[in-house]
Each structure stands twice: as structure tokens, then as C-alpha cells.
Amino acid sequence: MKRKNIQNKNGISISDSIVMSVKRKHANYRKPFSAAIAIIGFISIIKAFLGMFHFNYAAGTVFIAAAVIGALYLTLAIVGKKALWVYAASVIVFVICAYRKAAKIALGFKFIYNIVYKDAYHSEIEYYKGLKSALEVSSVNTLFIFYIWLLAIIVFFFTICRPNPVLPLMITFPVLEIGMYNGIRVPVFWGILCIAFWLALLAMSTIDVGEYSGGQSGFVRKNDLFFPKRHMKLKVTEKCGMLIIASVVGVAAVSSCFLKLTHYKRSEKLDDKRREITEALNDFSFDNLAESLSNLSNAIGLDFEYENHKLGTNDHVRYKNVTDLNVTLDHSIDGALYLKDYAGAVYKNNEWFGLSSSAYKDPCFKDFDSYDLHPQDYPAMFTKLIYPNVQETTVWIKPSAKKSRHLYAPYDTINVGSLSYQKDLTLSDSKAKKGECSYKFINVDTDSLYNELVNIEAQNSSRQSREVYSVSDVKIANVKEKINKYCNENDLITYDDYFPVDFSIPAPPEYLLSNSETLLAELMQDKYKQFVYENYLQVPDTKAMNEVRDAYSDIISMYDGSVSSEFATLKAIRERMLSECTYSLYPRKTPSNRDFVNYFLLENKKGYCTHYATSGVMLARMAGIPARYATGYIVVEKDISSGRSNADGSVSLEVKDNRSHAWAEIYIDSIGWVPYEFTAGYSAQEVNTEPVTTAATTSNENVTTTTRDMSERTTGSVSRAATTTTKTAVTTKASTSVNKGGSGIGSGNGIHIPKALKNILLLLFALIVITVFILLRRKFILSLREKRFTTGKSERKVRYMYAYAEKLLESLEMKSENGNYNSFAEEVEKSFGGIYFDEGAFKKLTDVALRASFSQETPTSDEINESRRTIEAISDKIYKKASRFDKLRMMYINVLK
């Protein structure tokens, strides 16, 4: 029944009669589709996680439990509202059971995390120690079953009943992220299905907004017309979800086939950059946020540098073979050159710190500034007592732009008036600009220095000898004033102007009086020595450190205060570490519940320079030998000999990033702070820590596999002949080279194709593949359209023809806006009648299509033929009037012709 329209004050016409036409009823596949999506998500999450690791559990029990639990919640979700109370009750039961089994679930988590930790860090070390292996299977089974139970509750409800991706993502993504974060590969097939499930669930919750949010039926206004809201229309969310899953899987399959067929391989530069970014992401830690951001920005290519001295936060070290420093020596030198930029005094919570500001209130530091004589000056002065004819060297250091904020300096520097001192830790060139600096120093090997001191000690019954000097005899006037002032301030004058000096190294009085700053340094060193023993013997009083102390008790008890026992103790510490620990650039991170030194020395026993240096410092302190931690760069004799010799006799060399280093500093009473090397493979002559290369050949397939040992070596176990030594950075990635059938690179039978030609051929091949795909797609669509127009029921033929006509008219920007077919037909006739088709032809086509869809009448063959002629006329006219580009798009992209 139709009544007249009502006109309101807003000028909107509202008809009180609404006519609804419904097409023939189609089967409703919403529940099956949503159930299929839920099952895909449920199974793929379980299989993806279990496929990443090798857990010790009863697989049969767990999979049976998963099948039973999954079937139960699938049934409850499909039943819907009628079973909602059962669903709620099962959640309560889950909470109660989980509470009762909490201890076993927690134990299962510990077992699982131990396995995850071992796989992620390639270690045999267990994160949680002391677990009983007999309980592993039952506790892991319990944890898995409860997780599967929780997974079923959330996945089936929030996929079938109320699609929402939030909770499903919260309980599924972290499970996979455990592996991905630690660099474990997810099984490809199940990983793709997981992603497809997440996307499908996201689509289901957003495509039909309001459908599951309890919104009421109603209408929306467009101009002066009102239309039903979207959730009143036919719901297609689940169908879209299935299409998304199919699309994701299809794209992945096609991509995989394409890559295999084309043998696509990324360029080395792209692989390197990808590896750098991946490693930076894998090493990212909120515990070490600033350094993590610095590493990530450097991997991307941005210049943001941050440096701290946290230990054990890096999974591994990878060098890029870039030049960090340009160093020039005025002549070649023997021994290693250490260039220091940091010294750490306090080891606490796996990190090195400086001393507190209160420690530097010691009066000796005022004396350093007042007399312009610092602990950094002592080693050169006192070493000259042993080697009076030692040659002085000048070094010029120019850092790269990235390192320009750092100031590096050698040991045994000689102050020529341009040095700036940072407490008793480091020094720098006060005239330095952008990190460029120069120093005068003497270079003496520490082991050689110790040997000389041992000999001196053996020749003297007492370690120290006392000599008395007169201030009046001091030759240098300004130094005479300083000595006189210092002796008076510290009550060192015995009678008249005589003062005593305690020497461990005997020297001719004439030399000391002529080089009187050495006398002043000897006087001042006594106070500083007290400061050293008060501050540089600190060891954390923890259980972990006590375990280390017990393990090395036989060595640290060797020191009795003599130089010979000091040297013997340090050598024993070094040899024990070298024999028990392995140098590796892949030591993996130190667990957050472990002490860095304890973990390296007693558990993991793998590490690089920071591990050896820190452990050496702690062991030396335990023995009573003052020590501290230092970082910078090392230049060995081999580097210097391979440098560029200049006409003036100087030597220039590039210091690569793989020469960045950490070492120990030892305080020798009669000398001062000197570098001491504990790291395996490092010596004054060379750095010998390159990975060993081994090859195994299988003759029947002519396959040669080359593997590298992840830069791990135990000093003494690898001969130099078996060690690969190059000037490039240390490569720590396993590599495999496979040659089959006598062809390929290195076989001598292959054809060399230039890289540019390869790229052109690859591009041509890609174009051919795309062209073939477009042509095959066109052929398929045209054959399918012809089949639909000529076979099957008449009603269906007409409906397909009308749908095709609508697509043709859309290309002319003519589209039905309100869903009224007759009104649309009138608009089309008015705009295109007599131009693209005979007048009245489209109206007839519309009438036939409506009767075919909503009445019992069957279109006649004449009506079908006439409809076919109408759509062909439209297609032909559109094609003729189109531009060349539009014709190509019409034929090969839209396939409307």
C-alpha cells in the first residue's frame, strides 16, 4: 500500500511506505567461515611455537588435549548465545584449575625458558639452575595444556562470537615474539597462517563496523534520501576474512615460486645492511636503551653515538672494517701501542663506573694541580730510570668523523706543556681540534718492564732503598722551589734542607738531580699510592664473586707483595683464563640474573676483550694487586709494519674498527699505571683471533661446504697455519658454498656474464612473466564471461549480462547511487541513449533482468539475444571513443573488451 508523502518543515520528503525486494535465498556460510578462521588461528599458533624449539614434552598428550579443548570451544562458539553460560562457567573452571596448578605451571615455564635461552643464545647454560629433570615432562605438559585452554577460550570466542583482534593478539603474538626477538626462525607455513589469521580477524572486526557492537537498526541520510545502515545489509565479514587468508597464502606461495624460479639473490650491500639492522633490533634492550638506539641509528645510517660501559648486554660483536683512526708515528716502534680514552674504577651490577666525587677530594689531587705533576706523568719518568736511553716517539692521531668526540692518548706520555688531565684516569691534548691530537711518549712492553723489575728486585735485598738529597743540590730552579715547598708542607725536611726519598729503582744521584721532576714525582707518589690501594682493590661482596674467589684461590694467594710474585700472579691469571675460556665474538648476552665475571669464568666461558679484561681486573684485585678497566684501540707490531712508510721516516696507518679493544691497567708501585693484556690471542706482535676455516668435501655430489667457527678459539689449540688472517673485519657468519655438476663459480666451465647484463636479463624475464600473466588472465576472464553468457539457466545469463553492463557504465562514471534500478535505467537512457546503444535498449535490458531476478518468468531467447546485442554495443562504442591508454586498460587491466 502506498500513501502520499509527508512534507516536514526541513523540506525532506518521507514516504511512510517502504518496499523491500529480496533476491533468492542463498546458503549462509558465516558460521562455517568464522569457524574455519578460528581453527586456522588456533592450530597455526600452536604449530608455529612448537616448531621454533625442541621442547621435552609428551606430544601425544598435548595434541589430544588440544583437539578435545578445541572441539569443545568450537562447539560452544558455534551454538552461540544458548551456550554462553557454559562458556562463562568454563572460564571460571579454568581460573580455579590454573590457580591450583600455579606452581607446576611456573616450573614448566622455567623449563621452557631454559630451552628458549639455550636456542636463542646457542649456549648450554641454563637460565634457571637446579631444576629437577624428572619433573620436566609433566610440568611442561601442564603449562602447554593450560596455555592451549586459554588460547581456545579467547580465539574461538573472539573469532566466532564477537570478532575482535585485541585479546587474540595479546596472547598469540608474544608467544611467537619469544622466538623472533631472539633470532629464532618461525616455521614459514605456520607463520604465514598466523599472519593471515591476524589480518582476517582485524578485517572481520572493522569491515562491518557496528555489526558486533550491539548497534540498533536504522537509516542514514544522504541528501534528501534515507538508506538502511550497513549492518542491516547482507553481512560478508567472515567471507572477507576467508578471502584475506586465501590471499595471504596465495601471495606467499606465488612469491616463493617466483624467487625459486628466478634464483633471486639480494645484493651483498643490501644483505649487509639488512644484517646490521636485524642485529641491532635483536640486540635492542630497554635495559640498555640509549646504546640500543645508538646501534639501531648507526645500522640505519644515522650518526647518533652513545657509549656506556654496561657489560654483557650485546649478543655479539660484528666489525664493519671501517677506519676509525688515522695514526702517524715519527718512526717505527716495537711492541703494542695502546690508545686509551676511558678507564673504569668501580665494577658494580655488570657495569663499570668512575669513582665517586668524594674520593677525589683526597689532598693528593690538590697537589697534582698545584705542582703540575700528575699520576699519568709517572710511568714515563720512572721507566726512564730503567731505560735511560729509551727512544722518544711522537704520535699524531686523527679520528674519523664518527669518533671525533673521543680523545685518545698513549701510555708513558711526556708532558711538553700541552696536556690536559682528567683526574688520575686519562689525559688529552689541550690543543686538540675535532679529536686531532699529538703526543710525545716512550713505548715499553709491560712484560719486558716486569722482567727488568724482577731482576732489579733480585739484585737488591730490600725492595725499596732510601736516599737523602739536599734541596740546594737540585739543578732546575722552578722544580727546586716545588720540592722545597712540598717537603715543608709534608714535614719531609730532616735537617737543614735534606729530605729522604724511597726508591724501588736505583738511579745515579746525578741523573735525579738533573731530572729533578722525577724526585718530586717519587715524593708525591707515596700519597697517591695510598689512594690507589684504598680505591682500586674494591671487589663486590656478593655470592657470585665469592664463587670466583674460591675457584681461583690457588692463584690469588700467590701474591706476597713482591714484584716477582705480582708478575707471576698476573701471568697465572692470564694462563688460567686462556686455558679455560674461549675467545668468541658470539658469547651471547649475559643473563640478567647472572654476574658478568662469574658467568664468563665459571659458566659460559666464552667472550671477547671486555670479558677477559673485566675478569682479569677483578682477579688481580682479589689477589691484592690494584687494577682497573680501560678501553680504546690497540695497534700491534704487525699493523705498524704493514703501514705506509713516508719519506721522512714516519709511518702512517689506518686503525680499523676491529682494533677497538678493552684491557686491564695494573698499578706497579715503582712505575704507575701500565696496560696489561689478559685477552686470548692478543700480543704485542699480532692479534690472532681470526676464525678457523675448515672444509669437508663429499665426492659423490661434488659438494664443498665451508664453515666458520663463529670466531671462537682457545689459545694454543689452533695453529697459525690453520688460521685465516686478513686485513678485513672479522666475519662471524657461517657460510656455505655448494657447486654441483662441475658448473658454476669456480668450476672453470661456466660463462661469465657481466652484472649489468644479468640485471637487464632479469628485468626482461620479469617483463615476460608479467606479460604472460596478463594475457593468461585476459584469456581466462573472456572465456569465463562467454561461458556465463551462453550456458546455464536463462535467468542467470541475463543477470550476468546486466552486471557486465553495470561495469561498462562505471567506466563512463555512471553508477547507481540509491539502488533503484528503474531510476538508474532512466538516467542511463537520458545520458547515453542513442549514443552508446539504441534508445530504450538499456531500459529493456533492465526490465528483463528485474523479471529474471524477482519473478517466475523466464526470459525468452529473443530477449537474451537482444540483451547481448545491447551490452556488445555499449562495449564497442566505449572502446572506439577511448584513448589509446584507456583502450589498453580496458582490454588488459579491466578486461571489459
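In the predicted model, the count of aromatic pairs comes to 46. One of these pairs is formed by F94 and W149, whose ring centres lie 5.1 Å apart with the planes at 75°; because planes over 60 degrees apart count as edge-to-face, the pair is classed as edge-to-face. F94 belongs to helix 3 (residues 84–100) and W149 to helix 5 (residues 136–161), so that the pair links distant parts of the chain, 55 residues apart. Both F94 and W149 are buried.

A further edge-to-face pair is that of Y113 and Y128, with ring centres 6.2 Å apart and planes at 70°. Here Y113 is contributed by helix 4 (residues 102–121), whereas Y128 is located in the loop between helix 4 and helix 5; the two tyrosines are 15 residues apart. Y113 is partly exposed, its relative accessible area being 30%. Y128, with a relative accessible area of 25%, is likewise partly exposed, because that class covers values between 20% and 50%.

The largest nonpolar core comprises 106 residues, of which I483, Y528 and Y536 touch the most other members. Helix 21 (residues 609–623) gives the most to this core, supplying 9 residues.

Helix 7 (residues 188–206) consists of 19 residues, and the distance from its first C-alpha to its last is 27 Å, close to the 27 Å expected at 1.5 Å a residue. The C-alpha atom of G191 is separated by 8.8 Å from that of K47, although the two residues are 144 residues apart along the chain.

An open sheet of 4 strands has the order 6-17-20-21, with antiparallel pairing. Its edges are strand 6 (337–344) and strand 21 (672–676), each of which pairs on one side only. On average, neighbouring strands in this sheet are turned by 40° against each other, direction ignored. Strand 20 (residues 660–668) is joined to strand 21 by 5 bridges, the two strands running antiparallel. Within this pairing, I668 has G672 of strand 21 as its bridge partner.

Helices are in contact with this sheet. Helix 13 (residues 446–459) packs on the sheet and touches strand 20 and strand 21, its direction making about 125° with that of strand 21. Helix 16 (residues 516–535) lies across strand 17 (627–635), strand 20 and strand 21, and runs at about 120° to strand 20.

Another open sheet is built from 5 strands in the order 12-9-5-19-18, and its pairing is also antiparallel. Strand 12 (437–442) and strand 18 (644–645) are the edge strands, each pairing on one side only. Strand 5 (residues 323–329) pairs in the antiparallel sense with strand 9 (residues 392–399) over 5 bridges. T328 stands opposite W396 of strand 9. In general, strands of a sheet pair through backbone hydrogen bonds, either parallel or antiparallel.

Burial also extends to a loop position. N350 lies in the loop between strand 7 (346–348) and strand 8 (351–353). Its relative accessibility of 14% means that N350 counts as buried, since the class requires a value under 20%. With residues up to four places away in sequence not counted, N350 touches H309, K310, L311, T590, R594, D595 and F596.

Notes:
Residues are numbered from 1 along each chain as its sequence is written. This is a predicted model: local features need pLDDT of at least 70, side-chain atom pairs count only at pLDDT 80 or more; totals for chains, interfaces and linings use all residues. Side-chain values use heavy atoms; hydrogens and water are left out. Two strands pair if DSSP finds at least two bridges between them. Axes are lines fitted to C-alpha atoms, for helices over the stretch in contact, and angles run from 0 to 180 degrees between N-to-C directions. Contact means heavy atoms within 4.5 Å. The expected span of a helix is 1.5 Å times one less than its number of residues. A nonpolar core is a set of buried Ala, Val, Leu, Ile, Met, Phe, Trp, Tyr and Cys residues joined through side-chain atoms within 4.5 Å. Buried means under 20% relative accessible area, exposed over 50%, partly exposed in between (1.4 Å probe, protein chains only). Rings of Phe, Tyr and Trp (its six-membered ring) pair if their centres lie within 6.5 Å; planes under 30 degrees apart count as stacked, over 60 as edge-to-face and the rest as tilted.
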